[in-house]
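Dear colleague,

Please find the structure below, together with its sequence.

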Amino acid sequence: MKLNLRKIIEVPGGRVPFSCVLSANGLEHPSIVAYDGPLIAEGAVVNTAGTLTIEGEIRAKFRCVCDRCGMLFDREKTVTVNAGIAVDESEEDLFQMEEDEIDLDEILYTCFVLDMDAKVLCRPDCKGLCAGCGANLNEEACTCKKEIDPRWAVLEQLLDKTEN
(Lines give C-alpha, C1' and ligand atoms only; values in the text may rest on other atoms or scores of the structure.)
Protein backbone atom coordinates (compact mmCIF):
# COMPACT_ATOMS: atom_id res chain seq x y z
CA MET A 1 0.00 0.00 0.00
CA LYS A 2 1.40 3.35 -1.04
CA LEU A 3 0.85 6.23 1.38
CA ASN A 4 1.07 9.77 0.01
CA LEU A 5 2.81 12.20 2.42
CA ARG A 6 2.75 15.29 0.21
CA LYS A 7 0.31 17.18 2.46
CA ILE A 8 2.47 16.85 5.62
CA ILE A 9 6.05 17.14 4.30
CA GLU A 10 6.12 20.90 4.82
CA VAL A 11 3.61 21.02 7.72
CA PRO A 12 5.13 20.56 11.21
CA GLY A 13 2.63 18.69 13.36
CA GLY A 14 0.90 17.18 10.33
CA ARG A 15 -0.35 13.57 10.48
CA VAL A 16 -1.43 10.98 7.97
CA PRO A 17 -3.18 8.10 9.75
CA PHE A 18 -3.20 4.56 8.41
CA SER A 19 -4.94 1.28 9.15
CA CYS A 20 -4.24 -1.77 7.05
CA VAL A 21 -4.33 -5.54 6.93
CA LEU A 22 -1.11 -7.29 5.94
CA SER A 23 -0.97 -10.81 4.56
CA ALA A 24 1.14 -13.29 6.51
CA ASN A 25 2.22 -14.99 3.27
CA GLY A 26 5.99 -14.96 3.00
CA LEU A 27 6.57 -14.21 6.69
CA GLU A 28 8.46 -17.37 7.52
CA HIS A 29 10.13 -18.12 10.83
CA PRO A 30 11.54 -21.52 11.87
CA SER A 31 9.39 -21.64 15.03
CA ILE A 32 6.09 -20.40 13.54
CA VAL A 33 3.86 -23.17 12.23
CA ALA A 34 0.98 -20.97 11.03
CA TYR A 35 -0.44 -17.49 11.36
CA ASP A 36 -3.98 -17.22 12.71
CA GLY A 37 -5.19 -14.65 10.19
CA PRO A 38 -3.58 -11.51 8.81
CA LEU A 39 -1.45 -8.94 10.60
CA ILE A 40 -3.31 -5.78 11.63
CA ALA A 41 -1.42 -2.47 11.50
CA GLU A 42 -2.59 0.93 12.74
CA GLY A 43 -0.84 4.23 13.31
CA ALA A 44 0.17 7.46 11.62
CA VAL A 45 3.02 9.18 9.87
CA VAL A 46 3.85 12.33 11.84
CA ASN A 47 5.87 15.41 10.90
CA THR A 48 7.74 16.56 14.01
CA ALA A 49 9.77 19.68 13.25
CA GLY A 50 10.50 18.57 9.70
CA THR A 51 11.28 14.95 10.59
CA LEU A 52 8.84 12.31 9.33
CA THR A 53 8.24 9.34 11.61
CA ILE A 54 5.93 6.38 11.22
CA GLU A 55 4.39 5.48 14.58
CA GLY A 56 1.96 2.69 15.32
CA GLU A 57 1.67 -0.99 16.06
CA ILE A 58 1.28 -4.32 14.32
CA ARG A 59 -0.74 -7.13 15.92
CA ALA A 60 -0.48 -10.77 14.96
CA LYS A 61 -1.60 -14.17 16.25
CA PHE A 62 0.27 -17.33 15.37
CA ARG A 63 0.92 -20.95 16.34
CA CYS A 64 4.48 -21.79 17.37
CA VAL A 65 6.72 -24.70 18.27
CA CYS A 66 8.76 -24.14 21.42
CA ASP A 67 12.49 -24.12 20.68
CA ARG A 68 13.27 -25.97 23.93
CA CYS A 69 10.52 -28.56 24.47
CA GLY A 70 8.88 -28.85 21.02
CA MET A 71 5.33 -28.23 22.29
CA LEU A 72 2.81 -26.37 20.13
CA PHE A 73 1.36 -23.18 21.61
CA ASP A 74 -0.48 -20.03 20.52
CA ARG A 75 1.04 -16.59 20.81
CA GLU A 76 -0.14 -13.04 20.26
CA LYS A 77 2.47 -10.44 19.39
CA THR A 78 2.23 -6.68 19.27
CA VAL A 79 5.11 -4.85 17.60
CA THR A 80 5.54 -1.15 18.30
CA VAL A 81 6.57 0.70 15.16
CA ASN A 82 8.66 3.86 15.41
CA ALA A 83 10.72 4.37 12.27
CA GLY A 84 12.16 7.41 10.52
CA ILE A 85 11.37 8.32 6.93
CA ALA A 86 13.96 10.11 4.81
CA VAL A 87 12.83 13.39 3.32
CA ASP A 88 15.87 13.45 1.01
CA GLU A 89 18.23 10.78 -0.32
CA SER A 90 21.15 11.79 1.94
CA GLU A 91 19.56 9.98 4.88
CA GLU A 92 20.47 6.43 3.86
CA ASP A 93 19.75 4.76 7.22
CA LEU A 94 16.05 5.72 7.11
CA PHE A 95 13.18 4.36 5.01
CA GLN A 96 13.13 6.15 1.68
CA MET A 97 10.26 8.04 0.05
CA GLU A 98 9.61 7.81 -3.68
CA GLU A 99 7.99 10.94 -5.10
CA ASP A 100 6.33 11.96 -1.80
CA GLU A 101 5.08 8.40 -1.15
CA ILE A 102 6.22 5.52 1.02
CA ASP A 103 5.62 1.81 0.58
CA LEU A 104 3.82 1.28 3.87
CA ASP A 105 3.69 -2.52 3.54
CA GLU A 106 7.46 -2.78 3.10
CA ILE A 107 8.14 -0.65 6.18
CA LEU A 108 5.64 -2.55 8.34
CA TYR A 109 6.87 -5.99 7.22
CA THR A 110 10.47 -4.93 7.92
CA CYS A 111 9.62 -3.68 11.41
CA PHE A 112 7.69 -6.87 12.17
CA VAL A 113 10.45 -9.22 10.99
CA LEU A 114 13.18 -7.28 12.83
CA ASP A 115 11.19 -7.56 16.09
CA MET A 116 10.82 -11.36 15.93
CA ASP A 117 12.48 -13.34 18.70
CA ALA A 118 15.51 -15.44 17.82
CA LYS A 119 14.19 -18.20 20.11
CA VAL A 120 10.50 -18.77 20.69
CA LEU A 121 9.65 -20.35 24.05
CA CYS A 122 6.29 -21.64 25.28
CA ARG A 123 7.00 -19.89 28.60
CA PRO A 124 10.01 -18.01 29.99
CA ASP A 125 10.95 -20.80 32.41
CA CYS A 126 10.63 -23.68 29.92
CA LYS A 127 12.86 -26.54 31.08
CA GLY A 128 13.08 -28.24 27.69
CA LEU A 129 13.70 -31.91 27.01
CA CYS A 130 16.04 -34.33 28.77
CA ALA A 131 18.98 -35.05 26.50
CA GLY A 132 19.06 -38.66 27.72
CA CYS A 133 15.49 -39.95 27.78
CA GLY A 134 13.68 -37.18 25.87
CA ALA A 135 11.19 -36.45 28.67
CA ASN A 136 9.50 -33.06 28.59
CA LEU A 137 10.87 -31.65 31.84
CA ASN A 138 7.92 -29.22 32.10
CA GLU A 139 5.52 -32.16 32.50
CA GLU A 140 7.49 -35.00 34.10
CA ALA A 141 10.72 -35.79 35.90
CA CYS A 142 13.60 -37.34 34.04
CA THR A 143 13.97 -41.13 34.41
CA CYS A 144 17.62 -41.23 33.43
CA LYS A 145 20.22 -42.41 35.90
CA LYS A 146 22.63 -39.53 36.29
CA GLU A 147 26.10 -40.23 35.05
CA ILE A 148 28.83 -39.97 37.63
CA ASP A 149 31.84 -37.83 36.93
CA PRO A 150 34.68 -40.37 36.39
CA ARG A 151 36.83 -38.44 38.85
CA TRP A 152 34.34 -39.31 41.63
CA ALA A 153 33.70 -42.92 40.56
CA VAL A 154 36.08 -44.32 43.19
CA LEU A 155 34.16 -42.52 45.93
CA GLU A 156 30.90 -43.93 44.57
CA GLN A 157 32.36 -47.43 44.85
CA LEU A 158 33.31 -46.73 48.48
CA LEU A 159 29.75 -45.56 49.23
CA ASP A 160 28.32 -48.72 47.64
CA LYS A 161 30.59 -50.92 49.86
CA THR A 162 29.60 -49.14 53.07
CA GLU A 163 25.88 -49.47 52.28
CA ASN A 164 26.19 -53.27 51.88
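Arginine 123 sits in the loop between helix 1 (104–114) and helix 2 (153–163); helices (H or I, at least four residues) and strands (E, at least two) are DSSP runs, numbered from the N terminus. This is a predicted model, in which local features need pLDDT of at least 70 and side-chain atom pairs count only at pLDDT 80 or more, while totals for chains, interfaces and linings use all residues. Residues are numbered from 1 along each chain as its sequence is written, and side-chain values use heavy atoms, with hydrogens and water left out.

Arginine 123 counts as partly exposed because its relative accessibility is 34%; buried means under 20% relative accessible area, exposed over 50%, and partly exposed in between (1.4 Å probe, protein chains only).

The structure holds one aromatic pair. Tyrosine 35 and phenylalanine 62 form this edge-to-face pair, at 5.5 Å centre to centre and with 65° between the planes. Rings of Phe, Tyr and Trp (its six-membered ring) pair if their centres lie within 6.5 Å; planes under 30 degrees apart count as stacked, over 60 as edge-to-face and the rest as tilted. The pair links distant parts of the chain, with tyrosine 35 in strand 3 (residues 32–35) and phenylalanine 62 in strand 5 (residues 51–65). Phenylalanine 62 is buried, since its relative accessible area is 4%.

Asparagine 47 belongs to strand 4 (residues 39–48) and is buried, with a relative accessible area of 1%. Among the residues that asparagine 47 touches are Ile8, Pro12 and Leu52, not counting residues up to four places away in sequence; contact means heavy atoms within 4.5 Å.

Yours sincerely
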